[in-house]
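Subject: Structure handover, salt bridges

Hello,

Please find the structure below.

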Amino acid sequence: MFTDEKWSSSKNWFIAAVFWIIIGMSMGLLTATKQIWPELLNNRWFTYGHVRSAHVMLVIYAWLSMAYVGSMFYMIPKLAKTKVYSEKLGNFALVFYNVVILEGFFALLFGQTEVIEYGEFPLWVDVQLLVAIGLVAYNLFKTVGRRQEKMLYVSLWYFLGSLLWLPLTWIVGNFPAQWIPSGVQQGLMGWFLGHNAIGLWMTTVGVGQIYYLLPKLTGRPLYSHQLSMIGFWAIATFYVWNGPHHLMNGPIPGWISKAGVIPSIVLLIPVWAVLANFWGTMKGSWSQTRTSVPLRFTVAGTIFYLFACLQGPLQALPSVSSVIKFTHWTVGHAHMGPFGAFSFTSFAAIYYILPKIVGREMFSKRAMEAHFWFSTVGFLVFAFSLWIAGVVQGFAWIEGVPFLQTVLMMEPYVQGRAIGGTMMYVAQFFLAWNMYKTIKLAKLEKKQQAQQQAASA
Amino acid sequence: MKKEYQQHESKEADIVSDIKIEHNKVPKLLVVVFYVVAIWAIGYAIFMPGKLAVEPAAAPQDNKGELIFEGTCLSCHATGAAPDLSGVTDRMPEEDIKNVIKKGRNSMPAIGHLYTEKEIDMVYEYLKDYR
């Protein structure tokens, strides 16, 4: 029933991922549109709260995570110089994972939620998703276990670390919270998942992707082994502490608050180390970004990663937090890592890996260009609308401007966000169409080749 | 197999999984940043409260009369549902005005139980300047 074809898991995870980015982002666009026309689709299933949480969960655990698994099913065996332990298991895990995501999607639209940011799926979905993640991790660890290359390349540290950390944060964030009395403790447990889903899954797999893609795309050696060590171990040590900064100035003890602020700032160390390594590797290759869309996506991803990690630590400071907390700013910031940085690197991974799997170039270079520019410009319009909105909103609240008036002040910015969001959404259709065409043509060409060979023989 | 990574000084590139890895030194700027961040972290841990120090709002309440007047009275007296109140202190004595506020008159409800004597005084003070 499940195919054993070489690289089929990688390809199929990518296809599913791109399917879900369309669904997930349409939920996001609906969320943005509802802020302009609150009456839109105002029924039992599509109320604002349902749609927003569905958007968040789908883009992270459906689109981004599936794209990550897809690239790991290619990059890990390549780095280990062996084949995937079991393509069949990989494909089975894909089907299972998609069923679970579908369950979670409907549960959210139905109104079931755990009310934990990045962990909204109800308990019965959480358990199944954990099993699905476990299947993927088992398969990939087994693959590394049978490796032909003794040394582990940096990307492998990141991938293997992430495959351990994701189940761990998932368990801590989703399960004990059910038995802990609600309140501050539950909030802290929830934010352990909330921030580590970003820090020890999205960031670390994404950084691993970049470490793989940059030397491959530029043909240049990795800049520094030492920097990659500093980066990896500092992320592994400090990221896990970041949860409490989401409850900054809230009713948490001062020492917990400090234990959240300090590691947030200390994160500048791994981030700068990683980026120095990337840009050191890029030295002399910047001009290639003009022609190579995958490289351009990767480099743009590193730039957005830098900006996300300049904002993040500053936002953790109590004084900054007191202005921008609960404003639109946070939403802009929250999109920069998952979309600007790591969706971009995943796009690059797809554009790099898919042609290698199907044995044919991407169908349309112009569609790739359109994908890049719509994504980038759309995101910039989206993000700057929200950042300006957030600052205006934050200071208006401090001034004591009546709340309803601040809502009305936000109108142009919310519209700007929806326009940028629409561009981001449209961009993904170029990706989906291009992938569809490429895979279809590759199949056709293979068939023709086989026929020609049969005819000539 | 371990020796490849221990050749840091030699500056020769390793090759892992067909990817070349160089052993360039950590840029000096980064080393400075690392130290600054580390020192800051220790200082913050020892000296800072970790939260924003906020003083309890001790806002002067001398505009309370105005707030009550705009928040309560004007919902009727500015909409045409009830008479305009500008210059009302010229037309009625102080006692009567306060009584109307406390006990109501015709279609106006009694709202005396909502406010203290002092607050009603402040509303009256405000009305004196309301033209």
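The notes below cover the conventions and then the salt bridges.

This is a predicted model, in which local features need pLDDT of at least 70 and side-chain atom pairs count only at pLDDT 80 or more, while totals for chains, interfaces and linings use all residues. Residues are numbered from 1 along each chain as its sequence is written, chains are lettered from A and ligands numbered from 1 in the order in which they are written, and side-chain values use heavy atoms, with hydrogens and water left out.

A salt bridge here is a side-chain nitrogen of Lys or Arg within 4 Å of a carboxyl oxygen of Asp or Glu. On that rule there are 13 salt bridges over all chains.

One of them pairs Arg52(A) with Glu117(A) at 2.6 Å, N to O. Arg52(A) sits in helix α2 (residues 48–80) and Glu117(A) in the loop between α3 (87–110) and α4 (123–145), so the contact ties together parts 65 residues apart in sequence. Helices are DSSP runs (H or I, at least four residues), numbered from the N terminus. Salt bridges with shared partners join Arg52(A), Glu117(A) and Glu120(A) into one network.

Another links Lys81(A) and Glu149(A) at 3.7 Å, N to O. Lys81(A) is partly exposed at 37% relative accessible area, and Glu149(A) is buried at 13% (buried is under 20%, exposed over 50%, partly exposed in between; 1.4 Å probe, protein chains only).

Arg296(A) and Glu369(A) form a salt bridge at 3.0 Å, N to O. Arg296(A) belongs to helix α10 (residues 293–316) and Glu369(A) to helix α13 (residues 365–399), 73 residues apart. Arg296(A) is buried, at 10%.

Regards

Key: Helix = DSSP H or I, 4+ residues; strand = E, 2+ residues; numbered from the N terminus.
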